[in-house]
Amino acid sequence: GGSRVPFVARWPGKIKPGSETDTLVSLVDFYATFRELLGQKEDGQGMDSYSFLGQLLPGHANKSKVRDHVVYHAGKNSFLGIREKEWLLTFGGVPKHIITGKTGELTSGRLYHLAKDPKEKKDVYKQYPDVVKRLEEAMRKELAKKDSPFSVSNGQIIKNE
């Protein structure tokens with residue numbers, strides 16, 4: 001996977017051929033999408049899942065809100081990142097060195113403008129402090145969620161088992 005993996009869907013008579021969307025989708029979003037497609041009511045499961053059915057089927061309004069960011073994590077000690085539209089903010093060193101000190105400050109990461117740099121070659125972290133601040137705050141909120149795969153202990157990120 002990654003932060004820019006295309007998703008292709010085909011459903012003759014339902015999904016308009018050649019249609020495109022730039023909607024952010026995560027693998028966990030399939031749960032809410034299928035639940036909505038099948039007309040199932042909220043069941044308290046998949047709390048981090050957002051339906052993207054409205055982006056697949058023209059004229060269908062989503063019953064849940066559309067995702068505004070996606071959090072990525074890979075491996076025990078490698079990668080944590082957050083994507084919002086054309087921005088990707090990454091942090092390395094999971095689980096030990098993303099947050100430092102007792103205040104829970106995120107360490108310096110790398111910021112990529114995916115529309116201009118789809119191969120993630122140019123770090124623009126210092127050029128866009130407002131974007132960094134916004135994405136770091138979104139990451140802090142994600143890490144604080146009770147169902148987060150990570151938690152903070154003594155200023156260190158720990159992968160929940």
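User: Does His-73 count as buried, partly exposed or exposed?
Analyst: This is a predicted model, in which local features need pLDDT of at least 70, side-chain atom pairs count only at pLDDT 80 or more, and totals for chains, interfaces and linings use all residues. Residues are numbered from 1 along each chain as its sequence is written, and side-chain values use heavy atoms, with hydrogens and water left out. Buried means under 20% relative accessible area, exposed over 50%, and partly exposed in between, with a 1.4 Å probe and protein chains only. His-73 has 35% relative accessibility, so it counts as partly exposed.

User: In which element does His-73 lie, and how far is His-73 from Thr-90 in space?
Analyst: Helices (H or I, at least four residues) and strands (E, at least two) are DSSP runs, numbered from the N terminus. By that rule, His-73 belongs to strand 1, residues 70-74. His-73 and Thr-90 are 17 residues apart in sequence, and their C-alpha to C-alpha distance is 9.5 Å.

User: In what order do the elements of the protein run?
Analyst: The protein has three helices and eight strands. Read from the N terminus on, they run α-α-β-β-β-β-β-β-α-β-β.

User: What share of the 161 residues is buried, and what share of the accessible surface belongs to carbon and sulfur atoms?
Analyst: Of the 161 residues in the protein, 35% are buried. Accessible areas come from the Shrake-Rupley method with a 1.4 Å probe, and for residues only the protein chains shown count as cover. The accessible surface of the protein comes to about 10800 Å², and the share of carbon and sulfur atoms is 53%.

User: Is His-113 buried or exposed?
Analyst: His-113 lies in strand 6, where it touches Glu-86, Trp-87 and Val-124, not counting residues up to four places away in sequence. Its relative accessible area is 13%, so His-113 is buried.

User: Why do the buried residues of helix 1 lie on the same side of it, and which helix is part of what covers them?
Analyst: The buried residues of helix 1 (residues 29-37) are Asp-29, Ala-32, Thr-33, Arg-35 and Glu-36. They lie on the same side because they cover an arc of only 165° around the axis, the arc being that of the directions from the helix axis to the C-beta atoms. An α-helix has 3.6 residues a turn, so residues three or four places apart point the same way. Their cover includes helix 2 (53-56).

User: What is the relative accessibility of Arg-35?
Analyst: Arg-35 is found in helix 1. Leaving out residues up to four places away in sequence, Arg-35 touches Gln-40, Lys-41, Glu-42, Asp-43 and Gln-45. Arg-35 counts as buried because its relative accessibility is 13%.

User: What phi does Lys-85 have, and what phi does Glu-120 have?
Analyst: Most residues other than glycine have a negative phi. Lys-85, in the loop between strand 2 and strand 3, counts as exposed because its relative accessibility is 60%. Glu-120, in the loop between strand 6 (110-113) and helix 3, is partly exposed, with a relative accessible area of 28%. Neither is a glycine, and both have a positive phi: for Lys-85 about 50°, and for Glu-120 about 55°.

Notes
Contact means heavy atoms within 4.5 Å.
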